[in-house]
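Me: I'd like to go through a structure with you, a bit at a time. Can you put it up here?
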Amino acid sequence: MTSGIEPTSVLITNARVLDVEGGEYLEGTNLLIVGETIAEVGGSEVGALRDSSVIDAEGHTVLPGLIDAHVHVTASTADISALAEWSPSYVAARAGRILRDMLHRGFTTVRDVGGADHGLADAVQEGYFPGPRLLFGGKAISQTGGHGDMRPRGRVVADEHPCRATISVVCDGVGEIRKAVREQLRTGAHHVKLMLSGGVASPTDRVDSTQLSLEEIRAVVEEAEAANRYVAGHAYTAHAVNRALRCGVRSIEHGNLLDETSIELFRQHGAFYVPTLVTYRALADEGPRYGLPPGSHRKVSDVLEHGLRALELAYRGGIDIVFGTDLLGGMHPHQAKEFAIRAEVQPAIDVIRSATSVAARLVGLRGRIGEITPGAYADILMVKGDPLNDIAVLARPEEHVKLVMKAGRVMR
Ligand code: ZN
Ligand code: ZN
């Protein structure tokens with residue numbers, strides 16, 4: 001409950017509710033919201049309480065608030081190493097803007113996989129920053145010379161002060177890594193993020209590298225499970241993806257170069273796949289303009305082409321696919337375009353499930369987010385149009401979103 005606000009009730013009438021699991025519309029639906037949660041869903045028998053305000057949906061489509069499971073809300077520049085030199089308060093202020101804009105696009109929950117901390121999550125929860133519910137992991141864990149090591153080759157000294165606005169922490173060996181993980185969990189981290197292969201935005205590693213030893217990865221999985229949390233792993237190649245899955249990593253981020261052997265391992269381990277396709281399109285087109293260094297820009301082409309093929313393998317393989325975007329700097333406004341890219345491979349309903357019910361299962365909030373049912377948070381998106389037949393309804397929110405409600409409060 002947001003502090004100082006009495007629970008209120010809202011009746012939404014005449015909505016065309018998208019049942020995302022059933023894949024069909026429920027016409028003429030009324031929704032009664034009490035406080036933060038949906039109390040009743042039904043026909044005209046669902047009426048107002050004495051203090052309810054009423055919103056007439058006028059037949060517009062209502063679906064659960066969207067979930068983006070791969071964001072970096074502190075990354076207001078694409079030059080991640082520069083970010084570490086900024087004042088943390090300045091970084092927070094700029095993150096506030098990014099969060100607000102995500103909410104306005106219809107995202108009511110986001111999972112930050114490197115950068116966001118308990119302070120930002122509290123600022124949103126307490127209403128200081130309007131934004132989506134922020135599931136944070138603190139700093140991602142990287143090895144020396146790994147995807148989270150932002151030093152150029154010529155720099156030896158690393159400043160690992162925890163207050164620097166880095167998206168990751170560099171550590172090596174089971175002992176150091178356990179301590180780093182426990183430090184993140186101590187702050188209430190919702191998950192632990194590992195850098196398990198090279199990447200695009202890092203200065204010295206190769207995309208085809210594997211990072212962290214099996215022993216180190218297993219230690220992290222053990223620490224996360226001990227705290228009833230789970231591990232998300234950044235990985236590109238099939239080799240990096242497969243060793244992560246075998247060690248018990250629950251969600252694989254990017255995975256552009258995975259193959260059939262990976263799909264089988266996803267199935268065996270019940271793991272989730274989080275592609276982030278829009279970021280490569282945006283980086284290829286606009287990265288340098290927003291501060292992406294030339295070395296990183298060259299790496300984009302290595303992974304861009306493979307992303308759609310990986311999504312296709314995953315879709316045909318029937319594994320759980322979750323919506324993610326991974327945008328940096330001024331490219332954040334492209335967030336919703338991920339819907340259109342995925343619809344090149346998957347039916348619209350499956351893309352919508354990726355951003356609602358399947359994402360909710362990944363983050364352990366099934367029954368609370370990603371569905372319009374009694375007991376769930378009243379995270380509600382009202383749009384003009386038919387997203388099952390035209391994914392642009394979600395891909396172009398500036399034209400289609402009529403209302404965004406988060407936990408019972410109208411936010412846009
Ligand atoms: Zn990554
Ligand atoms: Zn990322």
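Me: In which sense do β7 and strand β8 pair, and over how many bridges?
Reply: Bear in mind that this is a predicted model. In it, β7 and strand β8, which covers residues 133–135, pair in the parallel sense over three bridges, and the bridge partner of Arg111 in β8 is Leu135.
Me: And what do β7, helix α3 and β8 make?
Reply: Together with helix α3, which spans residues 118–125, the strands β7 and β8 make a right-handed β-α-β unit.
Me: Which residue in β7 does Asp68 stand opposite?
Reply: Asp68 stands opposite Val110, and strand β6, residues 66–71, pairs with β7 in the parallel sense over four bridges.
Me: New topic: which residues of α4 are buried?
Reply: In helix α4 the buried residues are Ile177, Ala180, Val181, Gln184 and Leu185. Seen down the axis of α4, these buried residues fall within an arc of 140°, so they line one face of the helix.
Me: Why would residues a few places apart point the same way?
Reply: An α-helix has 3.6 residues a turn, so residues three or four places apart point the same way.
Me: What do the buried residues of α4 pack against, and what is exposed on the other side?
Reply: The buried residues of α4 pack against β9, β10, β11 and α5, whereas Gly175, Lys179 and Arg186 are exposed on the other side of α4.

Conventions. Residues are numbered from 1 along each chain as its sequence is written. Chains are lettered from A and ligands numbered from 1 in the order in which they are written. This is a predicted model: local features need pLDDT of at least 70, side-chain atom pairs count only at pLDDT 80 or more; totals for chains, interfaces and linings use all residues. Side-chain values use heavy atoms; hydrogens and water are left out. Two strands pair if DSSP finds at least two bridges between them. Helices (H or I, at least four residues) and strands (E, at least two) are DSSP runs, numbered from the N terminus. A crossover is right-handed if, with the strands pointing away from the viewer, the path from the first strand over the helix to the second runs clockwise. Buried means under 20% relative accessible area, exposed over 50%, partly exposed in between (1.4 Å probe, protein chains only). The arc is that of the directions from the helix axis to the C-beta atoms. Contact means heavy atoms within 4.5 Å.
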